[in-house]
Amino acid sequence: MGKSTETENYYDVIILGGGAAGITAAISTKRHHPQLSVLIVDQTFALGRKILVSGAGRCNITNGNLAKDDWRKRYYCDTPQLLDSVFAQFGYNEIIAYFEDLGIKLYEEQKNNNGKIFPITDSAKNVVALLIDELQRLGVVISIESSCTKVTKSNSLFQLQINKENRHRLFTSKYLICATGGKTYPALGSDGSGYDLIKDLGHAILSPVPAAGPLISKDRICHELQGVKTNVSASLIIDGKIQKSGIDDLLFTQYGVSGSLIFNFSRHVSTKFNRGESGTKIFVVVDFLPTITRLELSKYLQKQWDKRPGQTVVNSLLGILNAKIASVLCRQGGINPVKQVKDINQDVQKAIIEKIKAYKIEIVGTKGWNESEFTAGGVRAAEINPKTLASYLVQGLYLCGEVINVDGDVGGFNLSWAWASGYLAGKLIE
Ligand SMILES: Cc1cc2nc3c(=O)[nH]c(=O)nc-3n(C[C@H](O)[C@H](O)[C@H](O)COP(=O)(O)OP(=O)(O)OC[C@H]3O[C@@H](n4cnc5c(N)ncnc54)[C@H](O)[C@@H]3O)c2cc1C
């Protein structure tokens, strides 16, 4: 059956995308401009599907470090004034108040002192249910399974072509808030089609690349330790310079490395490799014992070895290291793990210490869109008014969330951006 096209309703405000940013933009629009009619359009079967998977289903809503002076180093954006302006208007305290007003009680996770804030229910499902309750209380109209394929503007009105149930429908609106997200986990809805819609309206898109995903390495240690998760300190070295460091979980996998620590490194690797900068040398240098200095480690080993000369090298490490890691690091240092310590010399001890304190893993690539948590790149922030989130190019168009060229560290910074920018876009439409 051929597709028919119908002319549909007019709404004062249409919000394209019902993720964290779009839902919040709709709530904010209705709270600040109750007289306006508001429609959310989303192409999947439910709103907030990425919120549901965030924080492994626990919803890492925000991060306490957003309230600290150095919060800016957690974000990447072509025009940092946009971040300054948005978080000055709707920062950490406002995000907390937004959720408390919805009745959602929050707590800060203590692990690694990393500032992650979760709902006390640890349930993203509950968070989404309460956000949708609020949309309904405020009278926001929701259209799911509705894919927007074209946006134009004429006579001061936006015209949106929406494909729903195999029919093309036309919607018109005075204001359009674009919250179509990035390109990662396309099965959850954000498939990058939003970039094309915004490009057609005249905006420039900085080439999107997957961020916060696993990294690929051919180092045998990854294969040998696959499945082992350990808390380490590590640095990302790009062309000889330290790009980023941190202490967090590292997971070895069959193809390379993963885990929160690596996710925070991955945007730097991805922007190099996936934007075509060939010849770049990238290493992750791991310190498996971040709480012990080299000197302390050397003294510890010497004491162990003097006292128990018949012990195997690997067993002499079991008081401080995971057994599998100890054995693999010995082998990587060219040492037979079952050799007795009395048979090895100072140089070998140094080699072991070097492997434990500064193991260099060469990185050769990143995993792609299906395994990365968010997107680096997107609509250039320079084309957006930092005070209002209005497009400088198209009157009546506002942008928020991941569709903009803003990405943050893992730990609640990306959702924070989505809530904050969504709330302001909804509030500041004129
Ligand atoms: C596995 C995973 C875990 C994560 N964990 C965390 C975390 O713990 N903490 C954190 O801060 N961040 C986390 N993130 C990132 C965070 O979820 C996103 O940055 C945030 O949800 C982005 O919100 P958004 O509203 O901008 O975009 P999205 O949530 O992607 O929403 C965009 C919406 O637009 C719709 N859409 C797109 N194009 C069209 C179109 N053409 N027509 C109609 N609808 C369209 C999509 O269906 C989608 O629902 C995680 C992401 C993933 C994938």
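**Close-up 1. Gln-159 stands opposite Thr-172 in strand β10.** The model is a predicted one. Strand β9 covers residues 157–164 and strand β10 covers residues 167–178. The two strands pair in the antiparallel sense, and seven bridges connect them.

**Close-up 2. The turn of the β9 and β10 hairpin contains Glu-165.** Two residues lie between the strands of this hairpin. Glu-165, in the turn, has a positive phi of about 50°.

**Close-up 3. Strand β10 runs parallel to strand β20.** Strand β20 consists of residues 397–399 and is joined to β10 by three bridges. Across this pairing, Ile-177 stands opposite Tyr-398 in β20.

**Close-up 4. Helices α11 and α12 cross at roughly 125°.** Helix α11 spans residues 323–332, and helix α12 spans residues 346–357. Their axes come within 9 Å. The crossing of α11 past α12 is right-handed.

**Close-up 5. Residues of α11 and α12 form the contact between the two helices.** On α11, the contact is made by Leu-329, Cys-330 and Gln-332. On α12, Ile-352, Lys-355 and Ile-356 take part. Sorted by class, the contact has four nonpolar residues, one polar residue and one charged residue.

Methods. Residues are numbered from 1 along each chain as its sequence is written. This is a predicted model: local features need pLDDT of at least 70, side-chain atom pairs count only at pLDDT 80 or more; totals for chains, interfaces and linings use all residues. Axes are lines fitted to C-alpha atoms, for helices over the stretch in contact, and angles run from 0 to 180 degrees between N-to-C directions. Helices (H or I, at least four residues) and strands (E, at least two) are DSSP runs, numbered from the N terminus. A crossing is left-handed if the near helix is turned anticlockwise from the far one by less than a right angle, and right-handed if clockwise. Two residues are in contact if their C-beta atoms, placed from the backbone, lie within 7 Å. Ala, Val, Leu, Ile, Met, Phe, Trp, Tyr, Cys and Pro count as nonpolar, Asp, Glu, Lys and Arg as charged, and the others, Gly among them, as polar. Two strands pair if DSSP finds at least two bridges between them.
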